[in-house]
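Q: I would like some practice in reading a model residue by residue. Could you walk me through a few features, with the general idea before each case?

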Amino acid sequence: MSKGGQKLQIIPLGGLGEIGKNMTVVRYGDEILLIDAGLMFPEDDMLGIDLVIPDITYLVENRDKVKAIVLTHGHEDHIGALPYVLKELDVPVYGTKLTLGILSGRLKENNVSCGNLHTVAQGDIVNIGCFSVGFIRVNHSIPDAVGLSIKTPMGMIVHTGDFKLDYTPVDGKMTDFRRFSELGNKGVLLMMADSTNAEREGHTPSERTVGAAFDKAFHNAKGRIIVATFSSNVHRIQQVIDTAVRYHRKVAVLGRSMVNVVNISLDLGYIDAPEGTIVDIDEINNYKSSQIVVCTTGSQGEPMSALTRMAMSDHRKVTIVPGDTIIISANPIPGNEKLVSRTIDNLMKLGANVIYGRAEGVHVSGHASQEELKLMHNLVRPKFFIPVHGEYRHLVCHAKLAMELGMPKENVFISENGQILEFTHDKGMVAGHVTAGRVLVDGLGVGDVGNIVLRDRRQLSQDGILIIVLTIDRASGQVIAGPDIVSRGFVYVRESENLMEEAKEKVSQALDRAMGGRMTDWATIKSGIRDALGRYLYDKTRRRPMILPIIMEV
């Protein structure tokens, strides 16, 4: 029984209604366990933003209650926020060997201590405060991924993490069906499960099917082969290496994140490459093009990535030539389709043969489709269910699937970030909200760019800026110099001289009105200039540039 009538609370701080920045609070009484701490990449309208992380105000306010952070796997959308979170929370972090290997690199880059990292193995159980956390092996697109069993005084929670049910995994380590089934037989109060592919019918193909597609592509390629994939997809990189060995090719690795992950995976034994297979990128010109495979980043068309720079003929080490075969071994993340299409177009213009798309079989998802989700539900048989990790339509689809399997509607919770879900042995309910949202990271600034700054950036990007500079005598109130107008991104001044002259006239008239009314409040004068000039420019151009008056006194 629970002590003192206390309730179990689940509070998602990220990952619901979105892809990325996964973070979930499990709270019982005065003890908090945090699952994952991920980031997401900026949307198109977040101009200049580098990363988006969850708002951890709730955790900072309750930092003395946070006992530990447990990690499901090493993808950025599950560990990417930790360099920022660990600056605020001095707590132990538990994860598997590869997960912590990748995380250590991220923390060192950000000058954050790695002293609080604790390695666990799949199958381990760790006691953290009132929680007993088990780490259950699952298949995903990165090795060492785990689901979690969290024993609480109220009952058992199962969190699947990101998973798929691969019956022929590359490393031979299958999802631990037996453990999930054992938990189901003992009774599970609540399950949280990955919803990314909840819309997709059938089964997700095995990672090994990509190996067969690689074999076909390598067999047909006469020249150099360049494979672009996610740097964290270690099984995919292993299959590139295995296929390269079969066809007597050397493998060079390109892209900072790819080099880091490959080196970590080689050191920890998660990638197996015969000696001499992997060569430095600077050595590829010492071999015939038919003897080389380049494994690179850039499968999402990211502007600064290696593949995109190659496509623009802008890479210092690799130049695309006719006869190269490019394999894009990833599907575009929603929102990246245009970038990927542009990269493919540019590569084809350079004469490369580009292999891409689901029909070619060079990529499979790392997430469970509907039939696999059904099997997980039938193994675990939870009393309550929260679909997690997905956009809103994915959560709804997963919830419907659970109800089709016989779960009562009132026991299924389609939640949102910041919502407090409270559970007893026989009842679940929404019990309020906590602060949750997005914190934008721009360069070294964390959270200093908000909606106002983004609004200004959008305005600047759409209509440009006009700066009005003038000098006023403090004693007489007379204009000594100006007004001068500087335009950036609004109109080309040399071709719009009449417009600029009339704009200066409007500024002078606004000043005359202000001075005639004996105004000496610069803020009011600036506001008058902005209003008058803004109306005039909109009438003439139907544009609304940002207007920035600068008044100097002498």
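Q: Which helix holds Phe214 and Phe218, and by about how many helical turns are they separated?

A: A word on the source to begin with: this is a predicted model. Both residues sit in helix 6 (residues 208–220), and because Phe214 and Phe218 are four residues apart there, about one helical turn separates them.

Q: How many aromatic pairs does a search of the whole structure find, and how do the rings of Phe214 and Phe218 lie?

A: For ring pairs, look at the centres and then at the planes. The search of the whole structure gives six aromatic pairs. In the pair of Phe214 and Phe218 the ring centres are 6.4 Å apart and the planes meet at 40°, so this pair is tilted. Planes under 30 degrees apart would count as stacked, and over 60 as edge-to-face. Ring pairs also bring in Tyr247, which forms a cluster with Phe214 and Phe218.

Q: What are the ring distance and plane angle for Phe384 and Phe423?

A: The ring centres of Phe384 and Phe423 lie 5.2 Å apart with planes at 55°, so the pair is tilted. This pair joins distant parts of the chain, with Phe384 in strand 19 (residues 382–388) and Phe423 in strand 20 (residues 419–423), 39 residues apart. Phe384 is buried at a relative accessible area of 1%, and Phe423 is buried at 0%.

Q: Which ring does Arg544 lie over?

A: For a charge and a ring, check the distance to the ring centre and the position over the face. Arg544 lies over the face of Tyr538, 3.9 Å from the ring centre.

Q: Where is Ala399, and which residues does it touch beyond four places away in sequence?

A: Start from the secondary structure, then list the contacts. Ala399 belongs to helix 12 (residues 392–404). Setting aside residues up to four places away, Ala399 touches Phe385, Pro387, Val412 and Ile414. With a relative accessible area of 1%, Ala399 is buried.

Q: Which strand holds Ile547, and what is Ile547 in contact with?

A: Ile547 is part of strand 26 (residues 546–553), and Ile547 is buried at a relative accessible area of 9%. Beyond its neighbours within four places in sequence, its contacts are Leu466, Ile468, Arg530, Leu533, Gly534 and Leu537. Gly534 is 13 residues from Ile547 along the chain, and their C-alpha atoms are separated by 7.4 Å.

Q: Is Asn233, in its loop, buried or exposed?

A: Loop residues are read by the same cut-off. Asn233 lies in the loop between strand 13 (225–228) and helix 7 (234–246). Its relative accessibility is 3%, so Asn233 counts as buried. Leaving aside neighbours within four places in sequence, Asn233 is in contact with Ser141 and Glu207.

Q: How many residues line the second largest pocket, and which lie nearest its centre?

A: Rolling a probe the size of a water molecule over the atoms shows where empty space is left. The second largest pocket holds about 370 Å³ of space. Its lining has 25 residues, and those nearest its centre are Pro143, Asp144, Asp171, Lys173 and His235. By class, the lining of this pocket includes ten nonpolar, seven polar and eight charged residues.

How values were computed:
Residues are numbered from 1 along each chain as its sequence is written. This is a predicted model: local features need pLDDT of at least 70, side-chain atom pairs count only at pLDDT 80 or more; totals for chains, interfaces and linings use all residues. Side-chain values use heavy atoms; hydrogens and water are left out. Helices (H or I, at least four residues) and strands (E, at least two) are DSSP runs, numbered from the N terminus. Buried means under 20% relative accessible area, exposed over 50%, partly exposed in between (1.4 Å probe, protein chains only). Contact means heavy atoms within 4.5 Å. On a 1 Å grid over the protein atoms alone, a cavity is a set of points where a 1.4 Å probe fits but cannot get out, and a pocket is an open set with protein on both sides within 12 Å along at least five of seven lines; lining residues have an atom within 4 Å of a point. Grid points are joined across faces, edges and corners, and a volume is the space filled by probe spheres set on the points. Ala, Val, Leu, Ile, Met, Phe, Trp, Tyr, Cys and Pro count as nonpolar, Asp, Glu, Lys and Arg as charged, and the others, Gly among them, as polar. Rings of Phe, Tyr and Trp (its six-membered ring) pair if their centres lie within 6.5 Å; planes under 30 degrees apart count as stacked, over 60 as edge-to-face and the rest as tilted. A charge sits over a ring if NZ of Lys or CZ of Arg is within 6 Å of the ring centre and within 35 degrees of the ring normal.
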